[in-house]
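Visitor: Hi! I'm new to this. Could you walk me through the protein on the screen?

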Amino acid sequence: MSSLDVARAELALAVLYLNKAEARDKICRAIQYGSKFLSNGEPGTAQNVDKATSLARKVFRLFKFINDLHALVSPNAPGTPLPLILLGKSKNALLSTFLFLDQIVWLGRTGIYKNKERTELIGRISLYCWLSSSVCTTLVEIGEIGRLSGSMKKLEKELKNTNKYKNEQYRAKLQKSNERSLALIKAGMDIVVAVGLLQLSPKKVTPRVTGAFGFASSLISCYQLLPSPQKTKTT
């Protein structure tokens, strides 16, 4: 493959990635929280970028609550324990509520909805919904990682006389476990970000801490949205 073919393939991958509204949203999120980290809550250019990007991101999330509403009414994977099902459905309900209320916040901050006090109240309620959904996500990921760990140990016993890394089923479970672990780290970071935005612990979770965790969480989200080589090829 020539260098020109490599460049074309990389550009095609970039186009595929940037065509996703979710990817653009997460890139804007990284800019938003990076600016919050730089500003540390002080007035200036960085804080202006933080506020402007935060408002712009709300446009990307218009009607996005339908995604989690659909997941809420969709059937679960067979064999999923009831506690994980309930936690997963709670996460979907809370996240859908957060995204719906966030649209009202957007209407208020653009001046379409005139009640400023109610807009601020709805904004706090929406953030509490996001905080709660992040807690549910954390618990779900812990439970799923535990289930995967158990099935991997069982498979290891069956493959004790062979190289387990050559087994396709084991590699698939290992990859899934790594993905779940990354999602767990992200959910934990999002909890810190939500606590910072709600100012529940202002002395410990300062705007700079919130910005740092939000920026790191955004980079994880950007990575999670990267298309796999197989998907890119079929596209």
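**A chat about the chain**

Visitor: Let's start with one residue. What does Glu22 count as, going by its relative accessibility?

Guide: Glu22 counts as partly exposed, at 28% relative accessibility. Buried means under 20% relative accessible area, exposed means over 50%, and partly exposed is in between (with a 1.4 Å probe and protein chains only).

Visitor: Where does this model come from?

Guide: This is a predicted model, in which local features need pLDDT of at least 70 and side-chain atom pairs count only at pLDDT 80 or more, while totals for chains, interfaces and linings use all residues. Residues are numbered from 1 along each chain as its sequence is written, and side-chain values use heavy atoms, leaving out hydrogens and water.

Visitor: OK, big picture. How many helices and strands does the protein chain have?

Guide: There are nine helices and zero strands in the protein chain. Both are DSSP runs numbered from the N terminus (helices are H or I with at least four residues, strands are E with at least two). Along the sequence, the pattern reads α-α-α-α-α-α-α-α-α.

Visitor: And what box do its C-alpha atoms fill?

Guide: Along the principal axes, the C-alpha atoms fill a box of roughly 65 × 55 × 35 Å. Of the 235 residues in the protein chain, 34% are buried.

Visitor: What about contacts across the sequence?

Guide: A contact means heavy atoms within 4.5 Å. Among contacts between residues at least 6 apart in sequence, 73% join residues at least 24 apart.

Visitor: Back to Glu22. Which residue forms a salt bridge with Glu22?

Guide: That would be Lys64, with the closest N and O atoms 2.7 Å apart. Glu22 is in helix α2 and Lys64 is in the loop between α3 and α4 (65-73), so the pair ties together parts that are 42 residues apart in sequence. For a salt bridge, a side-chain nitrogen of Lys or Arg has to be within 4 Å of a carboxyl oxygen of Asp or Glu.

Visitor: Is Lys64 buried or exposed?

Guide: Lys64 counts as buried, at 17% relative accessibility.

Visitor: How many salt bridges does the structure hold?

Guide: The structure holds 13 salt bridges. One of them joins Arg180 and Glu141, whose closest N and O atoms are 3.2 Å apart. Arg180 lies in helix α7 and Glu141 in helix α6 (residues 116-158), so this pair ties together parts that are 39 residues apart in sequence. Glu141 counts as buried at 8% relative accessibility, and Arg180 counts as partly exposed at 21%.

Visitor: Tell me about Lys26. Which residues does Lys26 contact, leaving aside its neighbours within four places in sequence?

Guide: Lys26 is in contact with Ser218, Ser221, Cys222 and Leu225. Lys26 is found in helix α2 and counts as buried at 13% relative accessibility.

Visitor: You mentioned a cysteine. How many disulfides are there?

Guide: The count comes to zero disulfides, a disulfide being a pair of cysteine sulfur atoms within 2.5 Å. For Cys222, the nearest cysteine sulfur is that of Cys28, 9.5 Å away. For Cys136, the closest cysteine sulfur is in Cys129, 11 Å away and too far for a bond.

Visitor: New topic: the surface. Which residues form a nonpolar patch there?

Guide: Leu18, Ile27, Ile31 and Val49 form one, with about 280 Å² of accessible area together. Patches are made of residues with over 30% relative accessible area and no salt bridge, joining like charges within 9 Å and nonpolar side chains (Val, Leu, Ile, Met, Phe, Trp, Tyr) within 5 Å. Areas come from the Shrake-Rupley method with a 1.4 Å probe, and for residues only the protein chains shown count as cover. Ile31 is in helix α2 (residues 21-39) and is partly exposed, with a relative accessible area of 42%.

Visitor: Last one: where is Pro43?

Guide: Pro43 is in the loop between α2 and α3 (45-60), and at 69% relative accessibility Pro43 counts as exposed. Asn40 is found in the loop between α2 and α3 as well, and its phi is near 55 degrees, a positive value in a residue other than glycine.
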